[in-house]
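Open the model in your viewer and keep the sequence panel beside it. The stops below go from whole chains to single residues.

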Amino acid sequence: MALLEVKDLKVRVEEREILHGLTLTVNEGEIHAIMGPNGSGKSTLSHVIAGKPGYEVTDGEILFKGEDLLAMAPNERAAKGVFLAFQYPVEIPGVSTMNFLRTALNAQRKARGESEYSTPDFLKKVREVSKSLNIPQDMLKRGVNVGFSGGEKKRNEVLQMALFEPSLCILDEMDSGLDIDALRIAADGVNALHSPKRAMVVITHYQRLLNYIVPDVVHVMSNGRVVKSGGKELALELEASGYAQFEDAA
Amino acid sequence: MPAVQETVERVKRIDVDQYRYGFETLIESDKAPKGLSEETVKFISEKKNEPAWMLQWRLEAYRRWLTMTEPTWARVDYPKIDFQDLYYYSAPKPKKTISSLDEIDPEILKTYEKLGIPLREVAMLEGVEPKPGDQDPNRRKIAVDAVFDSVSVATTFQAELKKAGVIFMPISEAIREHPELVQKYLGSVVPTSDNFYATLNSAVFSDGSFVYVPPGVRCPMELSTYFRINERNTGQFERTLIIADKGSYVSYLEGCTAPQRDENQLHAAVVELVTHDDAEIKYSTVQNWYPGNSEGKGGIYNFVTKRGDCRGDRSKISWTQVETGSAITWKYPSCILRGDNSSGEFYSIAISNGYQQVDSGTKMIHLGKNTSSRIISKGIAAGKSQNTYRGLVTAHRKATGARNFTACDSLLIGDKCGAHTVPYIEAKNSSATFEHEATTSKISEDVLFYCIQRGLTQEEAVGLVVNGFVKDVLQQLPMEFAVEAQKLISISLEGSVG
């Protein structure tokens with residue numbers, strides 16, 4: 001079943017059109033990789049799906065579980081199950097990770113009409129989840145991402161993904177700023193969260209990440225459109241021949 | 001719409017008229033005639049049954065005040081105050097002498113109820129009738145000396161404090177009952193000639209708290225006073241004097257709210273603290289007075305002089321303040337570090353919104369050897385407000401080894417507000433070590449979006465970020481106040497984002 005349907009999406013930032021009619025369908029349980037050179041619109045797509053301010057959709061639509069995603073406020077999208085793992089997770093000084101996780105989780109539950117977690121129930125859950133991802137407890141006591149290494153920041157994103165249980169995870173250039181060991185740890189976390197109901201959209205420049213998170217479908221973006229889609233072998237092909245061949249196609 | 005843009009839009013629409021505590025209580029009151037003259041001063045002194053020396057003290061202050069002019073150096077702007085167009089004294093008409101809470105005007109108790117201050121509950125739960133054997137040692141007690149308008153109408157916990165030898169009473173009573181202490185200390189930290197508003201206060205102060213903690217005594221409970229302005233056009237002139245004798249400790253909590261007003265209200269309080277050898281005073285304030293409406297009309301003018309004198313060696317004074325209200329705030333809780341090895345602290349959160357103007361900070365005057373001070377100031381400006389930190393750190397020639405650390409952080413919400421930092425640093429000896437750090441930041445769109453992507457609303461996101469920003473200071477508040485302060489911060493943020 002289609003989880004996410006992006007249809008002929010056109011997006012402007014200020015006066016410049018960045019996406020020129022992009023179409024993409026992601027089904028439940030699938031892992032999609034979106035590859036492409038800098039400036040091809042990969043991050044714009046992830047931002048528009050998540051609802052980041054500053055983008056103007058001029059045409060097309062996005063359906064999520066059959067509903068009009070663009071009509072929802074960004075926090076409603078989160079409560080519906082859209083999760084964006086940020087390329088550069090922000091630091092929030094003075095707010096402990098634990099407090100942040102609880103506030104966010106309860107806000108989502110409240111928005112869905114579910115009961116909020118009590119403190120003991122929440123603590124139990126967060127301990128379970130962090131243990132399963134090998135995340136040390138002391139990380140939870142520190143300010144959100146404050147003084148975290150690149151690897152820790154990405155693991156914090158994976159922890160939130162595990163805790164909020166979204167149905168769509170968009171990983172925006174998760175590999176940037178990570179060494180190979182940190183990358184493997186983060187990718188292991190993502191793989192552990194993959195399930196038949198949960199889809200992943202992995203945005204990346206490099207094939208490297210796809211050695212660890214193996215996609216069902218690979219899309220190549222160039223100049224604001226998907227110019228080619230294929231199986232995981234497409235990523236290897238790109239690694240060998242580069243993006244230049246698609247610049248002309250777009 | 002970009003997040004910050006949206007915040008700005010919302011801030012534009014703020015309606016401080018929704019001020020939560022804007023209500024009046026109808027009770028009979030007993031007023032001095034309008035305006036200020038020697039007669040007014042005599043009227044007040046007479047109302048208080050004051051001894052002749054006290055009246056003399058007031059009159060000297062009044063005569064001094066006549067020669068003084070209003071200070072204009074602060075970064076605040078307001079229409080000239082007509083000091084003859086104000087009432088200087090107003091008291092609820094006492095029906096009889098009060099010995100228990102039951103005898104208090106129910107209207108007054110109702111007011112406290114609306115404020116969420118469970119005076120009655122506090123009294124019952126915490127000590128008026130303690131159940132024998134049912135005391136939780138972890139539960140700290142709060143003694144409430146409630147100030148309603150200008151007169152203290154309820155004083156609780158006297159018995160237990162008396163047992164410890166602590167004197168905690170309205171200053172009007174202390175003037176009659178402990179004249180030797182009041183005469184010795186009143187005006188010894190903030191002299192009657194100190195500044196325009198302090199001098200005015202000295203002439204017409206109505207009431208306030210008096211605390212004396214004898215040598216070696218750790219005050220068995222937090223002392224707390226709630227102030228509230230209720231009478232139209234009545235300036236409030238509180239006078240508080242706290243003395244911690246050798247080796248003693250006391251924590252004093254002050255909280256203020258005020259009802260909604262059209263006309264500006266003048267408030268000029270004076271607080272004096274004295275610590276002797278090895279003594280410590282911790283003074284905490286949560287201030288939430290009417291800030292004026294969405295056009296900047298009305299609101300309290302708050303001109304406060306708060307100063308502590310670390311008179312003894314190794315003594316300590318710590319100020320913590322959470323300032324969210326008032327149209328104009330002019331307030332610099334300061335420490336004179338006179339004793340060797342004495343230390344002073346100033347922790348401040350100042351939130352301004354709408355058209356509020358805050359000019360606040362501290363002075364750390366290092367006179368003794370090896371004195372140390374610490375200043376942590378967090379200013380948050382939203383709406384069209386102006387928020388200034390003004391601080392002075394100075395080391396006297398003899399203050400060898402003086403140390404200060406200052407951190408001033410400002411957070412801006414929207415682009416119509418201003419944050420300003422004006423630090424003065426003077427070291428008159430080469431062994432002093434002064435550090436100053438300052439940052440100014442805007443609440444970042446990326447941070448807000450991160451929180452919103454995780455399910456928070458815009459308002460919740462701002463609240464979370466701001467509470468994180470002020471955390472270092474909130475932690476300094478006693479537990480009871482920390483909760484109240486967090487609530488106040490959310491209330492003022494409700495105004496700032498819609």
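What percentage of the contacts in chain B with a separation of 6 or more is accounted for by residues 24 or more positions apart? The figure is 84%, where contact means heavy atoms within 4.5 Å.

Before going on, note that this is a predicted model, in which local features need pLDDT of at least 70, side-chain atom pairs count only at pLDDT 80 or more, and totals for chains, interfaces and linings use all residues. Residues are numbered from 1 along each chain as its sequence is written, chains are lettered from A and ligands numbered from 1 in the order in which they are written, and side-chain values use heavy atoms, with hydrogens and water left out.

**Stop 1: chain B as a whole**

Select chain B and switch to cartoon. The chain has 13 helices and 23 strands; helices (H or I, at least four residues) and strands (E, at least two) are DSSP runs, numbered from the N terminus. Of its 498 residues, 63% are buried. Buried means under 20% relative accessible area, exposed means over 50%, and partly exposed is in between (1.4 Å probe, protein chains only). The accessible surface of chain B is about 19,200 Å², with 48% of it on carbon and sulfur atoms. Such areas come from the Shrake-Rupley method with a 1.4 Å probe, and for residues only the protein chains shown count as cover.

**Stop 2: Ile365(B)**

Select Ile365(B), in strand β18 (residues 357-366) of chain B. Is this residue buried or partly exposed? Ile365(B) counts as partly exposed because its relative accessibility is 23%. Now show what surrounds the residue. Leaving aside neighbours within four places in sequence, Ile365(B) is in contact with Cys335(B), Ile336(B), Leu337(B), Leu392(B) and Thr394(B).

**Stop 3: where the chains meet**

Show both chains. The contact takes 30 residues from chain A and 20 residues from chain B. Which residues of chain B lose the most area to chain A? They are Phe449(B), Tyr450(B) and Arg454(B), which together make up 38% of what the chain B side buries. Between them the two chains bury about 2,000 Å², 69% of it on carbon and sulfur atoms. Buried area here is the accessible area (1.4 Å probe) that two parts lose on being put together, summed over both.

**Stop 4: chain A as a whole**

Chain A has 9 helices and 12 strands, and its C-alpha atoms fill a box of roughly 55 × 40 × 35 Å along the principal axes. A compact globule of 250 residues would have a radius of gyration near 18 Å, and chain A agrees, with 18 Å. That radius is taken over C-alpha atoms, and the globule rule is 2.2 Å times the number of residues to the power 0.38. Of the 250 residues, 54% count as buried. Among contacts in chain A between residues at least 6 apart in sequence, 69% join residues at least 24 apart.

**Stop 5**

Most residues other than glycine have a negative phi. Select Asp8(A), in strand β1 (residues 2-13): its phi is positive, about 45°, although it is not a glycine. Asp8(A) is partly exposed, with a relative accessible area of 39%. Next select Lys65(A), in the loop between β4 (56-64) and β5 (67-68). Lys65(A) is not a glycine and has a positive phi of about 50°. With a relative accessible area of 37%, Lys65(A) is partly exposed.

**Stop 6: two loop residues of chain A**

Go to Met72(A), in the loop between β5 and α2 (74-80). Met72(A) counts as buried, at 10% relative accessibility. Apart from neighbours within four places in sequence, Met72(A) is in contact with Glu67(A), Arg77(A) and Lys80(A). The C-alpha atoms of Met72(A) and Gly51(A) are separated by 8.3 Å, with the residues 21 apart along the chain.

Finish at Pro37(A), in the loop between β3 (31-35) and α1 (42-50). Pro37(A) is buried, with a relative accessible area of 18%. Pro37(A) and Asn223(A) are 186 residues apart in sequence and 8.9 Å apart in space, C-alpha to C-alpha.
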